Amino acid sequence: MLDVGRHPNIELLAYSEVEKVEGEAGDFKVTIRRKARYVEDDKCTGCGACAEKCPTVVSDAFNEGLGERRAIYSYFAQGIPSTHTIDADHCRQLNGKKCGICAKTCQAEAINFDQEDRVLELDVAGIIIAAGYDVFDPSLIPEYRYREIANVVTAIEFERLLSASGPTGGHMDRPSDRAVEAEIAGLEKKAEKSQKALSKLEEKFNEPSDQFYKKYQAGEYKDDEDRKKWADKYAAHLAVTEPLEVLKKKAEAFTVAKRLAFIQCVGSRDFRFYPFCSGYCCMHSIKEAIISHEHEPETTSSIFGMDIRAVGKGFEEYKIRGGNNSNITYVRGRVAEITEGPDNNPVVIYEDTRERKVKRQEFDMVVLATACAPTKGIAELAKTLGVELDKYNFIKTSSLSPVDSTTPGIFVCGCAESPMDVPESVAQASSAAERAAEIAFQTDLEKEKAVA
Amino acid sequence: MPEKKEDIRIGVFLCHCGSNIAGYLNMEELEEFSKKLPHVTFVMRNLYTCSEGGINEIKKGIKEQNLTRVVVASCTPRTHEPLFRSSCGEAGLNPYLFEMVNIRDQCSWVHMKEQEDATNKAKDLIRMGVAKSALLEPQESIMSEVQVRALVIGGGIAGMTSALALANRGFEVVLVEREETLGGLLNNLNKLGPTMMEASELVEEKTRAVTGHSNITLFTNAKVTEVQGFIGKYNVDIETESGVKKIDIGVIVLATGGRAFVPEGLYNYDGKHVVTQLEMEKLLKDGLEPDIRNVVMIQCVGSRNQERPYCSRICCQTAVKNAMLIREQNPDAKVSILYRDMQMYGVENEEMFRDSKAKGVRYINYDPANPPEVEPDKVRVYHALLGRDMDLPADLVVLSTPLVSQEDAGATSRLLRVPVDENGFFLEAHVKLKPLDFATDGIFLCGSAHFPANIREAVAQGLGAASRASIPLSKGSVVVEPIISVLADEDACRGCGLCVALCPYGALEVQKTEKGRKVHVIDVACKGCGVCAATCYQHALSINSFTDKQIEAQIEAFLN
C-alpha cells in the first residue's frame, strides 16, 4: 500500500468511481468521479487532530461496527492515502448545524466544506478490474442465528477482535460481555450524575442520603417538600445503582473467550446461496484459531467442515501444526444449527460423520467462515466497462486466459475474478499487469509505425 | 580529504507529528537538549516535518545554515526516509548525509503514559542519531546496465506462457527445454478439466506460437549447465545438440515443473490393474477396454503422510475429471473415489465436483488411520457413514499420487543459487507478497516448480513471472541504493569465502587479485543485509551507512 502511495508512476485516485468507458483496447477514454472528501488532499497531512476533536460519533465500518469513529475520519490508521474524509451523512456542519470544529482544529487548513465532486477524463491503453469481493451476510441463514446470538460472529469480525489495533485491543472479549460492560459504563455515568445531585442535598441537610431515606420511609418529613424531592432523587439513584451492582457482579466472572468453534462453508457450497467453494476460508479459520491460541494458551478450537481444503504451499503442514500445537480439533461434519445456552454460550448442533452421532457442544464464541460473495457494485461496473459476468457475478474469464475479460484490453485479478487467497491474488495481479502491458506496448509500436 | 571535525554542522529537526509526538513528549526539553549535542548548530521544531512547510525548512536550513548533516526525529524511516533523503538531495546535500530517528512508533506511541521517561528515551535516541550522523559519508547510487534478453528454463505450459508474454512485449527470449518437444507434463495428459479440451491441442497451439515467434530462440534437447553473474548480466552456458552456446542474459524465469510420484510398493501398484492417474490419462486417451466396469480411485497416495506432508493440490481435480471421462467412455462403469478431503477449491473445481456426483461418481471418505486395502479384483474400505467395512469390486484401481519436485531440483538450485523448500519445490522470496520472485533479484519462478499448479494457475503464474521479469528488461538498467556491503579493508580479507557461503543473495564472490584471493561484492546484487560484515572474522567487510565506527558511536552515545 505504501509502495503504491509513493510510486512516481502511480496516480492514486482513492474515493473515486468509474462512470463511463469509451473506446477500445489501446485507446480507452475513462470518465472518473472523484467524490468530495471536504478535505484538500494536498494540504491534509493525515495527522488525525480533526478526528480527535470531532463531536459526532459514528459506527466504524472498518471495525465491522464493533467500534466507533468520528464524522471526519480515515478508514483505518495506516490507510493510503492518509487524507481524511468527512462523512457527509453524519457531519453536523454539512447538515446545516453549527460546528466546524475540525476546520478550527486543522492547522494545515485542509478542511473545505464547499468542496464538490470532480469529474475527470483519462486516456488509457488497458484497464484492470481489481474490485474484490464482499463478505456474505450470514443472517440469511436462519439456523445459525447470526445477530440473534451475540457470541456468533463472522470471521472478519473475529479478525477485528484479534487485532491489537481493533476495538478490544486484541483481547478475545465476547460481544455479549462487551454489551454488558457498555451498559455498566452507561449506568455508572448516570449514577455519578445522580450522586452529584445527592451530595449537594446531603451537604444542605447535613445527613447521608441512606440514613435520611430510612427515616423518610418510616414516615418522617411527611410534609417537607424539599425532602420529598430528595427522597425521589435517592429512589431514582437506587434504581440505577442496584442493577449496576448486579451487572458488576456478573461482569466479575467475565473472561476472554477460550472455547471457540469455527464453522466452515457459511454461504458457500450451499445451494441456497453460493454453490462454489470460497477457497480461502479453511485457511483463515485455522489461522484465527492458531492466533487465538497464541493470545491465550488455554484456548481450544473446533473447526467444523465437510473437507478441510488446505491446498496451498505449506498449508497442510500448517493445518497439522495447528492440530498438534494449538489445540485445534478438526470435526468432519456440517453444522445443522446454533442455539443459545446458559451464559450467552452458543451451542453447536452437528452430526459427527465419523462417529455417526448427532452431537451438541457448548462454546464461548462461534466464528462463521463466510463465503466470498461477488461485490455488490460489480454488475454495474461490468455494465459500465462492457464486460461479461459469469453466472455467480464474477468477471468472466477462461482457464487458458485466466486474467482476460470478455472485452479486449480489459483484464481482471483477485477475487473479482473468483475466490482466491493472497498469494494467488498477488500472482494474478502480476499476470493482469503483464497482459495490460502487452496492450500498452503494442500501442506504442503501432503509434511508431503510424509516425514512420 | 577527510572532513575536519569542526566542519561538521548538524541540523536537528524535531517533528511534533501533530499531537502524535508532542502530545506525549516534552518538545521544548528535547529542543534544548539537542542544541547542546556535539556538532549540532541548528535545531528546529516542526508541527509536521513531512509537510511542505517542514520540507522547506530543511532545505532552508541546509542553504542558510550551511548544514552538512540533517537529522530528523519523527516517525518511521519505512514511510518517510525516502522523502527526507530526496529533500536533502534537492537542497544540494548528499542524500546519505541524512539520519532519521524514530521518536514516534518506538517512543511516544509506546510510552503514552510516561512523559518523563519517554522524553528521556527520546533524548537517548536523538543523541545516538546525532553521534552516528557525524560519521556519515556521502554515497552515490549504483546503476548497472541490463542485457535486454530473458532466459526461460522449462518449456511446459508455464514456461511457454512466460516466454510468449515476454516475446509479445518485444523482448528477446531464449527458451530451453531438456526434452525433445515442448509441453512438459501436458504431453502425458488426455483431456484438461474443466473444459475437457484435448491436452494435445493446447500443446500444439502453444508450440506453434513459440516456434513461430521471431523473438523466441528455442533450444530443445538442451540444458543450462552454467550460470554466472547477476541481474542484468548473466553469462549462461546452454548445452545443445550442436554444442555449448554461451549467451548473455538479463533475467531468468525458472519453469522447470514437477513430476508425478510413482507409488512403488503402495496398494499393490503394478502399472496394469493398479495404475496412477497419469497412467489413467493414457488409458483414456487410447480408449478404455469395454470390460472395465468397476473402477476405484484412491486419493492421497504418497502424500499427506510423514514422508511427504504436503497436499499436492491438483490430484483431486484430476481424479474427478478422469472419473467422469471413464463414465463417458463406459457409461455402465461404477466409479468410486476414496478420499480424505475432496480438495475441489474455487468455483470451477467445485462445479466439476457437483457435476460428477450428478453423473454418478461415488465418493467414500476414508480415515488415513484405517486406509483402504487393495486385493485382487476388489478394494476393501471402512465406510464411516455405514459404520462397517465395505468391499468394492475393482477391475481397475487408480492411485492419485502427488506431483513431486524434479529429481535435479537440487542441482538447479545450486546452479542458479536459489533455494528449495523441504519438499524440493523452489522457494519464493515471500510466501504472500512475492510469490513469483526469488530473494535474488533477476530470477523469477512459475508453475509446478514452485508448487503443484493446474493449467489455469500455471498460465496465470507464467504471465505473472513474465510481468515481474519484464521490469528490469524494460528499464534497461537497475539502480541500487548504495547502502550495501563494501570491502573496506582489502588487506584484511583472506579470501576464506565464509561470507560467500552465507550471502542469501549471491552477491559475493572470491576473485583472484594481485594481492591474492579477495572477496568481491557484486554491488547491484547486494541488499545491504549485513550478514557478511557480521560474519567476517577479519572485519574486512563493512556496510555503507552502517559501519562499525558509526554503530559504535551510537552505542557510546547511548552509554554516556
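**Close-up views of a predicted two-chain model**

**View 1. A three-strand sheet in chain B.** In this predicted model, three strands of chain B make an open, antiparallel sheet in the order S11-S12-S13. Strands are DSSP runs of E of at least two residues, and helices are runs of H or I of at least four, numbered from the N terminus. Two strands pair if DSSP finds at least two bridges between them. S11 (223-230) and S13 (243-249) of chain B are the edge strands; each has a single partner, so one side of each lacks a neighbour in the sheet. Residues are numbered from 1 along each chain as its sequence is written, and chains are lettered from A in the order written. Local features need pLDDT of at least 70, side-chain atom pairs count only at pLDDT 80 or more, and totals for chains, interfaces and linings use all residues.

**View 2. Pairing of S11 and S12 in chain B.** S11(B) runs antiparallel to S12 (residues 233-240) of chain B, joined by 7 bridges. B:Phe230 sits opposite B:Lys233 of S12(B).

**View 3. Where chain A meets chain B.** Here 47 residues of chain A contact 52 residues of chain B. Contact means C-beta atoms, placed from the backbone, within 7 Å. On the chain A side, H1 (2-6), H9 (315-325) and H11 (422-451) each supply at least two residues. H11(A) gives the largest share, 13 residues.

**View 4. Domains 1 and 4 of chain A.** Domain 1 spans 2-124 and domain 4 spans 375-451; the bounds come from an automatic or database domain assignment. Their centres, taken over C-alpha atoms, are 27 Å apart.

Technical notes
Two residues are in contact if their C-beta atoms, placed from the backbone, lie within 7 Å.
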